[in-house]
Amino acid sequence: MTSVEHMKWWGWGVEGVAFEHSNKPDFAPFVKQAVGLDLRKPAQAHLSFDELTVPASRASDEFIAELSTLVGQGHVTTDDQERVVHTYGKSIRDLLRIRANDLPRTPDLVVYPADEAEVASVVAAAVAADAVIIPFGGGTNIAGSLDPQPTEERVIISLDLGRLDRVLSIDEGSGLATIQAGAQGPSIEEQLGAKGWTMGHFPDSFTHSTLGGWVATRSSGMQSDKYGDIADITKGLRMVRPNGIVAIRPVPSASTGPSVREMIIGSEGRLGIITEVTVQVHRTPAVREVLGYFFPTWEAGLAAMHEIAESDASPSVTRVSNARESGFSLATRKASTGVSAQVTKGLMKVLTARGWDLEQLCLSFIGYEGSASHVRYEKGLVGSIVRKHGGIGVGKGPGALYDQKKFDTPYLRDFLLDRGAAADVSETAAPWSRLQEVYDAANDAANAAYDKLGVHGWIMCHLSHSYHSGACLYFTFAFITGDDPIGEYEQVKSAIQQAFVDHGGTLSHHHAVGVEHSPWMEQDISTEGVAIMRGLFDSADPGSNFNPGKIL
Ligand code: FAD
């Protein structure tokens with residue numbers, strides 16, 4: 001029997017783990033002020049699984065039997081809960097739909113192959129039967145990249161890669177590891193770490209997302225400043241197609257025409273099934289530190305991040321939150337008492353005496369990795385840039401807060417949904433010269449959308465993932481929903497996305513396209529760009545068997 005673990009069908013993470021605010025005294029007042037939500041009111045119970053209307057499987061007994069002979073009894077299932085878990089990702093739209101019992105179409109069966117040969121045999125059988133195949137990694141995407149098309153008449157197979165979860169080999173001489181595509185973040189780092197290596201890819205969804213999913217969505221981890229985005233980390237790969245395997249060798253660079261490797265990265269299951277990826281890996285660093293810094297304003301923080309990106313310093317993380325997000329982060333701290341509470345109070349007094357408006361204070365995290373002497377050198381370089389822009393270092397405390405919160409925050413969305421508020425994110429990347437413009441436009445667009453809806457909405461932002469030429473801006477927005485939560489969400493989300501593309505940003509820096517962002521593809525990559533991409537999908541998948549309707 002298959003024993004791949006999945007997240008809750010109705011939300012993030014595993015059953016029994018949830019966001020908790022009783023130990024965070026500043027959180028309830030913060031939420032009240034931010035979106036007008038009173039956390040003293042009881043949470044609404046969401047549907048139980050038995051209350052869902054799950055469409056019957058359309059797979060015939062013969063087809064199920066055929067697939068079972070390919071992957072073994074117990075590795076093909078039409079179980080309702082399995083099919084529901086494989087229907088959606090974790091976008092706010094997905095969560096709202098599942099909570100509203102909105103399941104017009106689910107996969108008809110879930111198949112768990114054990115290796116590449118089994119993937120190939122399932123793909124061949126599926127294409128021969130004109131079925132649809134939707135590869136499934138961890139189900140964490142937030143762009144609607146898994147959602148079956150509601151009008152699809154053909155049998156839909158969710159091909160879960162969860163059994164392909166091993167690090168196959170490490171080429172120690174080259175710093176390359178070959179890893180199966182279904183391996184999840186913690187398992188990859190555990191297997192590599194046991195031999196002294198790290199891949200260094202840590203998206204906020206790390207605990208439940210997979211290598212194949214990262215590659216198929218062009219993911220980026222929080223330490224991308226040092227390790228690169230998945231597009232940089234991926235050196236070679238193997239992808240199953242109906243007529244054979246695409247095998248891309250792990251060479252450091254190649255001059256072999258338009259890059260097929262790049263075409264597969266971000267393909268969201270539209271070109272085939274990625275089974276194996278060869279990634280660059282690094283020796284586990286001797287020292288890893290995340291330090292906190294305060295800046296007097298967002299503009300000062302932004303200028304400092306830009307200068308760090310241009311400098312000789314190469315931190316693993318550069319991140320600065322605007323004043324609103326800094327307020328949010330500080331409100332999610334656990335209660336501090338004794339010395340630490342006194343230190344915080346004292347520091348705030350000093351900053352006020354220096355003329356800082358504490359309402360404008362921006363919290364920054366900078367990460368350092370490497371040998372002790374390298375980390376010391378980097379901290380010196382960064383410290384002088386921070387000071388030049390009016391900032392101050394506040395030590396390891398906020399860095400520990402960052403480490404504590406980073407994988408917990410995803411549970412907050414379910415907590416808010418249970419209480420009638422929706423929270424979601426939109427992120428972009430733009431050149432340094434246009435970042436402030438994009439920032440202003442996105443804030444204005446969200447606030448105009450809130451005014452139109454007549455709601456007390458919230459938007460906050462941080463900069464992360466810095467590059468030589470620009471950076472990623474990551475916005476989080478929230479509001480109390482009314483009678484049409486999805487329609488209201490769409491208004492706010494669309495306004496922000498439109499502001500991105502109108503002001504020189506991309507529709508997404510690392511959350512992919514799916515169905516959520518596809519309306520902006522033409523504005524982002526041009527009509528001719530879309531024509532080339534459409535030609536690729538049409539010729540590579542003439543029968544529309546591979547995750548149709550995503551990206552374009
Ligand atoms: P899935 O959601 O299962 O699938 C995503 C897409 O990839 C689908 O189209 C699927 O068909 C395709 N696919 C999956 N596996 C394969 C395969 N083997 N071959 C071919 N196609 C495949 N993303 C980031 O980049 N950085 C972040 O920091 C980040 N933080 C997040 C935090 C939260 C709380 C959430 C909910 C999401 C976050 N994401 C982030 C988005 C998401 O985690 C990424 O898109 C991730 O890469 C998806 O991986 P997955 O394994 O869950 O893929």
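Two strands pair if DSSP finds at least two bridges between them. Helices (H or I, at least four residues) and strands (E, at least two) are DSSP runs, numbered from the N terminus. By these rules, E8 and E9 form a hairpin with 2 residues between them.

The model is predicted: local features need pLDDT of at least 70, side-chain atom pairs count only at pLDDT 80 or more, and totals for chains, interfaces and linings use all residues. Residues are numbered from 1 along each chain as its sequence is written, and side-chain values use heavy atoms, with hydrogens and water left out.

**Domains**
- The protein chain is split into domain 1 (55-160), domain 2 (167-283), domain 3 (287-405) and domain 4 (517-552). These bounds come from an automatic or database domain assignment.
- Between the C-alpha centres of domain 2 and domain 3 lie 32 Å.
- Domain 2 gives 6 residues to the contact and domain 3 gives 7 residues. Contact means heavy atoms within 4.5 Å.

**The sheet**
- An open sheet is built from 5 strands in the order E5-E6-E10-E8-E9, and the pairing is antiparallel.
- Strand E5 (167-171) and strand E9 (244-248) stand at the edges, each with a single partner strand, so one side of each has no neighbour in the sheet.
- On average, neighbouring strands of this sheet are turned by 10° against each other, direction ignored.
- Helix H6 (residues 185-193) packs on the sheet and touches E5 and strand E6 (176-180). The direction of H6 makes about 45° with that of E5. Axes are lines fitted to C-alpha atoms, for helices over the stretch in contact, and angles run from 0 to 180 degrees between N-to-C directions.

- Strand E8 (residues 234-241) pairs with E9 in the antiparallel sense over 5 bridges.
- Arg-241 stands opposite Gly-244 in E9. Met-239 stands opposite Val-246 in E9.
- Ala-247 belongs to strand E9. Leaving aside its neighbours within four places in sequence, Ala-247 is in contact with Leu-237 and Arg-238.
- The C-alpha atoms of Ala-247 and Gly-236 are separated by 7.6 Å, with the two residues 11 residues apart along the chain.

**H11 against H17**
- The axes of helix H11 (residues 298-310) and helix H17 (residues 432-453) come within 11 Å and cross at roughly 155°.
- H11 and H17 are therefore roughly antiparallel to each other. Angles under 35 degrees count as roughly parallel, over 145 as roughly antiparallel, 65 to 115 as roughly perpendicular and the rest as oblique.
- H11 passes H17 in a right-handed crossing. A crossing is right-handed if the near helix is turned clockwise from the far one by less than a right angle, and left-handed if anticlockwise.
- On H11, the contact residues are Trp-298, Glu-299, Leu-302, Met-305, His-306 and Ala-309. On H17, they are Trp-432, Leu-435, Gln-436 and Tyr-439.
- By class, this contact of H11 with H17 has 7 nonpolar, 2 polar and 1 charged residues. Ala, Val, Leu, Ile, Met, Phe, Trp, Tyr, Cys and Pro count as nonpolar, Asp, Glu, Lys and Arg as charged, and the others, Gly among them, as polar.

**H17 against H18**
- The axes of H17 and helix H18 (residues 485-502) come within 8 Å and cross at roughly 155°. H17 and H18 are therefore roughly antiparallel to each other.
- H17 passes H18 in a right-handed crossing.
- Contact residues of H17 include Val-438, Ala-442 and Tyr-450. Those of H18 include Gln-491, Ile-496 and Phe-500.
- By class, the contact of H17 with H18 has 13 nonpolar, 1 polar and 3 charged residues.
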